[in-house]
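Thanks for coming. Please have the sequence and the structure open while I talk. I will go through the sheets, then the packing around them.

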Amino acid sequence: MDLAVKYGKEEILLRFPEDSIVYTPRYEKREHEALQYSLMHPTGGIPLSRLLKRRRKGKVVIVVSDITRPIPYQAFLPDLLHYIRKEGIGKEEIRLLVATGMHRPSTREEKIRMFGREVVDEYEILDHRAEDESQLVLLEKKSWSGATVKLNRAYVEAGFRILTGLVEPHFMAGFSGGRKAICPGLASLDTIRMFHGFTFLSSPHAANTILKDNPCHLENTSIARICPADFLVNIVLDQNKQLNRIISGDPFISHEAAVEYVKERSCRVVDFPADLVVTSSSGYPLDDTFYQCVKGFVNCLPAIKEKGEIIAIGNCTEGIGSNEYRMLMKEYSGRHTDFLKDIQDGLFFIKDQWQFQMHIRAIRKVGIGNLHFYTSHIPAEELAQLSVTGHCIAAVELREVLQREIDRAAFQHKRIAVFPEGGYCAPLSP
């Protein structure tokens with residue numbers, strides 16, 4: 001069978017044995033409801049127009065994701081802004097707040113790409129900065145774990161809070177969307193330290209599709225309840241990153257409904273673990289950095305047997321990731337056991353360390369020698385320091401090289417599993 005595997009903004013067409021196990025979402029092609037219908041008929045809540053009439057003193061703050069999330073804001077954000085303004089709220093009373101978490105601020109060009117030039121030119125847009133104390137407010141209550149909580153001041157002091165987000169399987173928090181826009185999206189470094197710390201991520205429940213007893217889910221849900229949004233707009237994308245559904249309403253009830261919708265369509269129970277998994281990293285923008293690509297090969301772990309082989313691909317046009325992450329990976333190259341001991345002992349906590357902790361789950365299951373990563377944009381000498389078996393292959397040669405590896409596995413009668421869209425389909429342990 002021929003399958004198109006996502007790579008950057010392109011697809012690589014590969015041939016697989018007919019008995020290969022294909023993990024792909026099962027979204028039906030449908031005309032999604034107009035945003036206005038979702039706002040007027042919310043899930044578990046009151047229509048947005050009625051809620052806006054009760055707003056507190058202060059600006060309407062709309063929390064949006066950054067460029068690392070493939071959310072088609074131009075397909076619904078202008079309509080949301082128009083709906084709010086029809087309620088008599090002027091442009092100067094509306095603020096867009098980018099929930100960066102600990103990602104870098106978005107450039108103006110990225111904002112235009114995400115929201116459209118008209119929105120960027122006409123509305124105030126702020127980027128959250130987790131390390132800037134002047135942007136943060138200490139909340140009175142503590143989180144589920146007992147930690148103190150600091151959130152973005154513009155969000156906390158808003159007259160009305162609207163969250164937007166994408167619901168999909170998430171390899172730490174179970175599912176993305178909803179409460180995740182607040183934590184880690186709008187949280188301080190100290191708050192994120194607990195959420196992404198060694199203890200939480202050591203839990204087997206901090207994994208794809210799991211919400212029950214998941215410390216990440218319990219922590220950020222508790223924080224979202226301390227300073228809740230007034231309304232939530234969650235979207236669902238199909239396997240082609242096209243808008244499939246908008247589910248709006250109560251920040252918690254509507255998120256649960258979105259999770260159930262996604263779980264039914266993008267999760268599949270593993271019948272037989274594979275000898276070889278071939279996975280993308282979900283394509284642009286989710287494979288722009290190696291940091292983001294880690295999600296692709298951690299996501300597939302339930303579908304592969306112990307000491308099996310993983311072939312992951314990622315475009316990585318922006319390289320490895322943040323400076324902190326790049327230095328961390330080089331410092332602990334070949335020493336992942338030392339890394340785990342050091343963060344468990346509290347010797348340090350730095351930005352993006354959590355990604356390597358999740359990465360180590362793949363190392364422990366298949367070994368670095370069987371964890372193959374193919375890209376065209378990270379030099380071989382740098383790939384050698386990233387705790388994978390790296391392959392720097394020219395883009396024009398990549399399809400041929402990958403096909404040769406698949407043919408080799410088929411000749412050896414290995415059971416093959418394929419994730420054409422990477423993390424958009426999450427395998428479930430039986």
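Start with Val 61, which stands opposite Arg 161 in E9. This is a predicted model, so please keep that in mind throughout. The strands involved are E4, residues 60-64, and E9, residues 160-166; they run parallel and are joined by four bridges.

Both belong to an open sheet of six strands, and the order is E6-E5-E4-E9-E12-E13. The pairing in this sheet is mixed. Which strands stand at the edges? They are E6, 124-127, and E13, 243-249. Each has a single partner strand, so one side of each is left without a neighbour in the sheet. On average, neighbouring strands here are turned by 20° against each other, direction ignored. As background, strands of a sheet pair through backbone hydrogen bonds, either parallel or antiparallel.

Helix H10, residues 253-266, lies across strand E12 (231-237) and E13. Its direction is at about 155° to E13.

Now the other sheet. This open sheet of six strands has the order E3-E19-E15-E16-E17-E18, with parallel pairing. Its edge strands are E3 (21-22) and E18 (389-392), and each pairs on one side only. Inside it, five bridges join E15, residues 274-279, to E16, residues 304-313. Val 278 stands opposite Ile 311 in E16.

Helix H11, residues 290-299, lies across E15, E16, E17 (371-375) and E19 (416-419). H11 runs at about 135° to E17.

Next, the cores. In soluble globular proteins, nonpolar side chains tend to be buried together. The largest nonpolar core here has 79 residues. Which of them touch the most other members? Leu 151, Tyr 155, Phe 290, Phe 297 and Ile 310 do. Helix H14, residues 353-366, gives the most to this core, with seven residues. Leaving aside neighbours within four places in sequence, Phe 290 is in contact with a list of residues including Phe 297, Cys 316, Tyr 325, His 359 and Val 388. Apart from this core lies another, of 37 residues, among them Leu 48, Ile 162, Val 233 and Ile 246.

Last, a helix pair. H13, residues 336-344, packs on H14 at an angle of about 135°, and their axes are 11 Å apart. That angle makes H13 oblique to H14. The crossing of the two is left-handed. On the H13 side, His 336, Phe 339, Leu 340 and Ile 343 take part; they meet residues of H14 including Phe 356, Ile 360 and Arg 364.

That is where I stop.

Methods. Residues are numbered from 1 along each chain as its sequence is written. This is a predicted model: local features need pLDDT of at least 70, side-chain atom pairs count only at pLDDT 80 or more; totals for chains, interfaces and linings use all residues. Side-chain values use heavy atoms; hydrogens and water are left out. Two strands pair if DSSP finds at least two bridges between them. Axes are lines fitted to C-alpha atoms, for helices over the stretch in contact, and angles run from 0 to 180 degrees between N-to-C directions. Contact means heavy atoms within 4.5 Å. A nonpolar core is a set of buried Ala, Val, Leu, Ile, Met, Phe, Trp, Tyr and Cys residues joined through side-chain atoms within 4.5 Å. Buried means under 20% relative accessible area, exposed over 50%, partly exposed in between (1.4 Å probe, protein chains only). Angles under 35 degrees count as roughly parallel, over 145 as roughly antiparallel, 65 to 115 as roughly perpendicular and the rest as oblique. A crossing is left-handed if the near helix is turned anticlockwise from the far one by less than a right angle, and right-handed if clockwise.
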